[in-house]
Amino acid sequence: MDVFHISAEQATLQPDLSDSAFLQGFLWIDSTHEEVSADPDGWRSKVSALTGTQIFDPHLIDIANLAHPSYFDATQDYAMVVFRKLMLGNVPEPIPAQTTHKRKIPAALSKLVTQPISFILTDRALITVRNPSSRTVAAARVRLLEYRSRPENGSHANRPPQSPEELMLRLLNAMVDQFLELRQPLTHQLDRWQHALLDPRRPFKDWVALLEARIALRRLDNLCEEQHDAMQELRDHFIDTRALRDTTAADINAAIRAQDLLLVRVNDVMEHIARVLNHARRLEASLESAVQIHFSAMAHRTSEIMRTLTVITALFMPLTLVTGIFGMNFVEMPLLKQAYGFWVSIGAMSTIAIGLVIFFRRKKYLEDQADLEPH
């Protein structure tokens with residue numbers, strides 16, 4: 001567990017809590033899932049000693065649950081957000097032992113593996129519980145500590161967060177941006193599949209990877225919906241609690257402006273999530289359309305083959321009838337003992353074949369569908 005004291009001037013790691021400067025700013029308590037799972041009661045006692053807030057047992061269980069979906073909950077003392085983020089640089093989930101075929105997941109889709117990060121928000125503290133390999137939190141820690149060496153820098157881009165809510169929204173925004181970065185490789189991968197599906201020269205064989213892509217996109221769709229719902233409830237929480245805070249604030253206008261800035265940040269995070277959600281749905285719809293076009297093309301090709309076979313069969317049926325008649329075992333048959341009988345039968349069969357070809361041509365049974373389209 002790492003404790004940061006963040007003020008308007010600097011961020012301090014493991015501060016002296018007895019210092020009078022501790023009264024200014026707020027705390028950021030950064031923990032890992034392993035710390036919580038190893039000793040839940042001990043971890044809760046440490047948090048309570050630092051913040052004066054007692055975390056309820058159901059929320060403590062949710063924090064330790066690595067499969068928990070994104071959601072929001074609030075009590076009178078604190079608000080809790082569970083947000084699933086991408087596991088960058090980690091391997092995909094293991095393949096079940098009962099799988100009989102080899103799963104071929106493209107590189108872009110193998111990155112859609114997520115992990116939860118929990119935020120507990122109090123008046124003067126932000127508590128995060130995360131995976132130890134979280135790059136977003138590690139980068140935020142580095143930026144905060146680097147700010148100590150240049151306290152004279154007062155730009156908005158480099159200033160420390162002014163409240164636990166702002167710090168949480170900065171972290172959430174960085175996590176959502178990781179999903180936005182996946183849009184281009186996902187689009188390129190599905191574009192390649194669409195061209196492969198519609199390529200008449202080679203049959204498409206990568207159906208397993210295509211199925212995995214559809215499952216991954218549906219999982220991304222559900223993930224974004226859960227994230228959006230959690231952020232919507234967080235936004236409603238900020239709106240509902242603003243009136244209570246404004247009545248006790250010394251400067252009502254400043255408090256309202258600070259809350260409006262938080263709402264702007266929440267809306268920005270929600271807008272980014274909505275962009276990822278819409279993109280995932282567009283990709284899924286494009287994939288479904290490509291599959292439908294592929295099967296339509298296959299059905300059209302099968303129809304062309306069957307038409308050709310039908311024409312050939314129609315041409316040879318009367319010829320087979322003629323040869324069958326002359327092959328009957330009768331003693332007396334016309335033309336059977338005549339010298340010109342063979343040529344008469346060949347001529348008759350040729351005439352029937354040519355007549356059928358002319359008939360099929362007039363009915364446009366033998367023309368290619370591409371020649372029928374207007375130019």
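Arginine 44 and aspartate 41 form a salt bridge, with the closest N and O atoms 3.0 Å apart. The model is predicted. Both residues belong to helix α2 (residues 40-51). They sit three residues apart, about one turn of the helix. Arginine 44 has a relative accessible area of 12% and is therefore buried, the limit for that class being under 20%. Aspartate 41, at 48%, is partly exposed.

A second salt bridge joins the side chains of glutamate 166 and arginine 170, at 3.0 Å from N to O. Glutamate 166 and arginine 170 lie four residues apart in helix α6 (residues 164-180), so about one helical turn separates them. Arginine 170 is partly exposed, with a value of 25%.

Aspartate 221 and arginine 281 also meet through their side chains in a salt bridge, at 3.3 Å from N to O. This pair links distant parts of the chain, 60 residues apart. Aspartate 221 is in helix α8 (residues 207-248), and arginine 281 is in helix α9 (residues 252-326). Aspartate 221 counts as buried, at 7% relative accessibility. Arginine 281 counts as partly exposed, at 37%.

Salt bridges with shared partners also occur. They connect Asp2, Asp30, Arg130 and Arg141 into one network. The count of salt bridges comes to ten.

Key:
Residues numbered from 1 in each chain as written. Predicted model: local features only at pLDDT ≥ 70, side-chain atom pairs only at ≥ 80, totals over all residues. Heavy atoms only, no water. Salt bridge = Lys/Arg side-chain N within 4 Å of Asp/Glu carboxyl O. Helix = DSSP H or I, 4+ residues; strand = E, 2+ residues; numbered from the N terminus. Buried < 20%, exposed > 50% of the residue type's maximum accessible area, 1.4 Å probe, protein only.
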